[in-house]
Every structure is written in C-alpha cells, then in structure tokens.
Amino acid sequence: MDNMNQGPFYFFPFMSEHKIIEEEKEDPVYKEVFFTPELTLLHGNAFKKEYVPYKNYKGYIPSSRTEEEELLLKIQMYGLLVHDINLHLDIYPRDKDVYQIYKKYNDEYQKLCLEYQEKYAPLLVKKAKYDNRFTWVSEKDYKGGL
C-alpha cells in the first residue's frame, strides 16, 4: 500500500523503522530556550521550559524513504518551530532576540517550502496553478476521469 495519500497534504505513517533523536546540537540558542527543529517535532513543542513529558513515552521521528519525504519532514520540523516561536511573539511582540531567531528559521522554512514546490507539487492551494487541470492532480488521474 502506498504511504503517500493523493491529496494536497502528506501525513507521515507510523513505520517500524525510525530514528530516535536524543542529543541536541551544540548551539547556545538551543541550550537556553529552544529545542532543535528535530526535537521540536519529536516533543511537539519548541520551548524547553514548556515541555512536560508524558510518563515514560518515547517519541520518534519517522524515517524517510525518498528525497521528497525527507524534504517534507524538514518542512514539518521547521514549520512547527516557526509556529511556536510566532505564538511567543504574539504575546511578547517586543522580544527582539526571539524575533531574530524567528526570522532565521522562517527564512529556512520558506526556502524549504519553495524547494519542495519547485521539485514536486504545491503545498497550498493558493500556490497551485490551473492550466486545464490543477497542478496536484497527476496526468494519469486527470485522464482517468477526475
């Protein structure tokens, strides 16, 4: 069974093979306030002080089998990190240090999204082009009666 759904969104399946992220990168920003993008996805939270582990649960990052899946995984990691930092900036809009971190990771997130859209398909409907068919519908599906 194919793990890629045919809609505009991708959901990572639970797979038996996965990598467990245990160590953090040596970056002073991460040490004080934030998790790395990988650990942000693993914990579901970017801020270390806000994370409360659930009992003995050990999360994992699914492994990717293709370059497309790897790129989508990075987009999810950076997207969650940027989203959490953005929520912090909603509450503390004058926090210039956090804004600089937000800008850095948002630029990387936008770069990854653009790379994915150029190589594969649009991530959002507003980025899609209509040329007698929508860009996320494959030629095979389109001729099949969609």
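The following dialogue examines how the terms applied to this predicted model rest on its computed values.

Guide: This is a predicted model in which local features need pLDDT of at least 70 and side-chain atom pairs count only at pLDDT 80 or more, while totals for chains, interfaces and linings use all residues. Residues are numbered from 1 along each chain as its sequence is written, and side-chain values use heavy atoms, with hydrogens and water left out.

Visitor: What makes the set around Phe34, Ile75, Ile85, Tyr105, Tyr116 and Leu123 a nonpolar core?

Guide: A nonpolar core is a set of buried Ala, Val, Leu, Ile, Met, Phe, Trp, Tyr and Cys residues joined through side-chain atoms within 4.5 Å. The largest such set here has 19 residues, and the six named have the most contacts inside it. Helix H3 (67-91) and helix H4 (96-119) each supply at least two of its residues, and the largest share, eight residues, comes from H3. Helices (H or I, at least four residues) and strands (E, at least two) are DSSP runs, numbered from the N terminus. Apart from this core lies another, of six residues, including Phe35, Ile61, Leu73 and Met77.

Visitor: Which residues does Ile85 touch, beyond those up to four places away in sequence?

Guide: Contact means heavy atoms within 4.5 Å. With residues up to four places away in sequence set aside, Ile85 touches Phe34, Phe47, Val98, Ile101 and Tyr102.

Visitor: Why is Phe34 called buried?

Guide: Buried means under 20% relative accessible area, exposed over 50%, and partly exposed in between (1.4 Å probe, protein chains only). Phe34 has a relative accessible area of 2%, and is therefore buried. Phe47, at 14%, also counts as buried.

Visitor: Why is the pair of Phe34 and Phe47 described as tilted?

Guide: Rings of Phe, Tyr and Trp (its six-membered ring) pair if their centres lie within 6.5 Å; planes under 30 degrees apart count as stacked, over 60 as edge-to-face and the rest as tilted. The structure holds five aromatic pairs. In one of these, the rings of Phe34 and Phe47 have centres 4.9 Å apart and planes at 50 degrees, so the pair is tilted.

Visitor: What makes Tyr78 and Tyr105 a tilted pair?

Guide: Their ring centres are 6.0 Å apart and their planes stand at 40 degrees, so this pair is tilted. Tyr78 lies in helix H3 and Tyr105 in helix H4, so the pair ties together parts 27 residues apart in sequence. Tyr78 counts as buried at 16% relative accessibility, and Tyr105 is buried at 5%.

Visitor: How do you know that Lys119 forms a salt bridge with Glu67?

Guide: Side chains of opposite charge can pair when their charged atoms come close. A salt bridge is a side-chain nitrogen of Lys or Arg within 4 Å of a carboxyl oxygen of Asp or Glu. For Lys119 and Glu67 the closest N and O atoms are 2.5 Å apart, and the pair qualifies as a salt bridge. Lys119 in helix H4 and Glu67 in helix H3 are 52 residues apart. By this rule the count comes to five salt bridges.

Visitor: What joins Glu115 to a network?

Guide: Glu115 forms a salt bridge with Lys119, the closest N and O atoms being 3.3 Å apart. These two residues are four apart in helix H4, and are thus separated by about one helical turn. Salt bridges that share partners join Glu67, Glu115 and Lys119 into one network.

Visitor: Why is Lys103 called partly exposed?

Guide: Its relative accessibility is 38%, so Lys103 counts as partly exposed. Lys103 forms a salt bridge with Asp107, their closest N and O atoms being 3.8 Å apart, and Asp107 is likewise partly exposed, at 42%.

Visitor: Where does the side chain of Asp84 make a polar contact?

Guide: A polar contact is a pair of N or O atoms within 3.5 Å; within protein, one must be able to donate a hydrogen and the other to accept it, and residues adjacent in sequence count only if both atoms are side-chain atoms. The side chain of Asp84 reaches the backbone nitrogen of Ala46 at 2.7 Å. Asp84 lies in helix H3.
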